[in-house]
Amino acid sequence: MGKKGKAAKTQEDAAPSEEGAEGSNITGVFENDFPLLCTQSGLPAIPVRVLSRENQTVSDSNPKAEYSVLVDGLQEEPAAIQTLHLRGWLVDERIVSLLRKALQSTMLTTLDLWNTGLNEATLEQLVLLINDLNLKSLSIDGNDHVTAKTLTELIRTNLQNLSLKCCGISHEHLSSASAPLQENKTLVTLDLSCNHVGDGGACHLASALRLNRSLLSLVLVNNHIGNRGALALAAILVQFPLLHEEIVARRWLLSQRRTEDELSMPDVEKTTRSPSVVSNMTGKMSRLDKDKLSAGKNKKNDSRKEDKQLKKEDKPKKPLEAKKPKGKDSKMGKRGAEQPSDSPPLEMAELPHPLLDGVMDINGCPHLAGNTTLVNLALSYNMITEIGLQALVEAIRNQTPTPHTPGILRLTIHHNATPPSSELVKELDSVLSKRDPLSAPTEQDVVDTPA
């Protein structure tokens with residue numbers, strides 16, 4: 001009876017405390033809010049430690065990381081937390097839920113959850129947290145319960161940097177995540193070191209990189225990748241023929257663009273062309289287009305009459321003159337207000353789709369220019385022989401960089417089945433050194449060089 005009584009008492013105490021946590025006031029200072037929410041939820045108060053300016057690094061064996069939350073941000077602004085570290089202790093659904101509440105009014109951009117025992121349920125809560133806070137960087141290294149569904153949901157977020165070291169990711173995970181990664185427009189770096197990607201997973205990643213034009217760095221260190229995976233990755237670095245599905249998608253995109261151009265053409269003509277040109281074109285328009293054009297002319301005539309009346313009435317009608325352009329100005333004002341906050345998505349939207357740009361016809365078959373957006377490719381500690389390395393070197397040499405996409409600038413290939421003394425390794429170093437913008441001699445260097 002004593003144990004049951006204690007258990008019932010703890011449950012009774014926990015119930016009101018959870019209600020108190022939900023109704024508690026968030027001050028906006030994470031160092032105070034999170035321990036308080038833990039106490040109100042019946043959990044021990046987890047201390048929050050702020051990283052000092054002298055010690056900004058967090059290692060896997062840091063003793064401070066045990067049962068504590070490390071934060072890094074601007075000391076002059078308590079709410080300006082930029083980085084949050086939870087490392088080496090179990091993070092369950094309750095902790096993630098409390099984090100979502102305590103981080104509502106913060107400026108968090110980076111979340112590090114190293115070896116925290118995340119499972120499918122907590123990872124689903126984590127995806128919600130990412131969307132709520134609009135995180136930019138996430139590291140969940142050492143959590144080996146990442147499912148294919150969770151990986152797909154993580155890639156569909158707006159993350160820019162994603163680290164999944166030692167997460168048990170195999171080719172089955174990447175099979176379902178290949179399509180979302182191909183459509184992703186925000187992810188810049190992806191680290192899949194020390195997983196089970198293999199040749200199959202490398203092929204799925206290569207399939208995603210055919211049309212992905214946002215990923216700059218792909219790390220596949222220690223993933224049991226052989227020549228088949230290396231050949232697949234090398235094939236997408238240079239021009240390659242389009243598949244049937246890609247040709248169909250290209251035709252659909254072209255039809256959509258034509259439709260948009262046709263719909264926007266009358267508006268452009270009304271503002272740029274003279275009335276005589278518009279009147280000449282009415283003979284070629286359909287009856288419905290004529291009705292629309294005549295209606296537009298009637299509106300213009302009505303507006304001219306109103307302008308004349310306003311000029312006659314002068315002062316009493318000046319407020320009406322301000323009302324008339326107010327509708328147009330208000331729309332432009334909204335666009336102008338939204339543009340600064342949504343500037344990165346607008347820039348990505350302005351980029352042409354790969355299937356609409358860079359497609360060339362070679363012997364009657366449409367080919368797409370290779371992926372020159374990827375800058376860093378790490379393939380160390382795999383099983384690539386000289387066959388795969390030869391394909392990678394030739395692909396990098398035959399790339400056609402653009403001013404905005406320089407192509408591969410760094411390829412790490414050490415500790416593979418290719419000896420370091422191989423001529424291919426030296427050839428790779430020579431090709432990459434010519435591309436390296438830091439190693440290229442400048443004009444000043446040439447002038448200062450003695451004769």
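This is a predicted model: local features need pLDDT of at least 70, side-chain atom pairs count only at pLDDT 80 or more; totals for chains, interfaces and linings use all residues.
View 1. Residues are numbered from 1 along each chain as its sequence is written, and side-chain values use heavy atoms, without hydrogens and water. Helix α2 (residues 30-40) contains both F30 and F34, which are four residues apart, about one turn of the helix; helices are DSSP runs of H or I with at least four residues, and strands are runs of E with at least two, numbered from the N terminus.

**View 2. The aromatic pair F30 and F34.** One aromatic pair is found in a search of the whole structure. The rings of F30 and F34 are stacked, at 5.4 Å centre to centre and 15 degrees between the planes (rings of Phe, Tyr and Trp, the last by its six-membered ring, pair with centres within 6.5 Å; planes under 30 degrees apart are stacked, over 60 edge-to-face, the rest tilted). F30 and F34 are both buried (under 20% relative accessible area; exposed is over 50%, partly exposed in between; 1.4 Å probe, protein chains only).

**View 3. Contacts of F30.** Leaving aside residues up to four places away in sequence, F30 touches P35, V48, V69, V71, I81, L84, L99, A102, L103 and T106 (contact: heavy atoms within 4.5 Å).

**View 4. Cysteines C38 and C365.** C38 counts as buried because its relative accessibility is 0%. C365 counts as partly exposed, at 28% relative accessibility. In β11, C365 is the bridge partner of I362.

Conventions. Two strands pair if DSSP finds at least two bridges between them.
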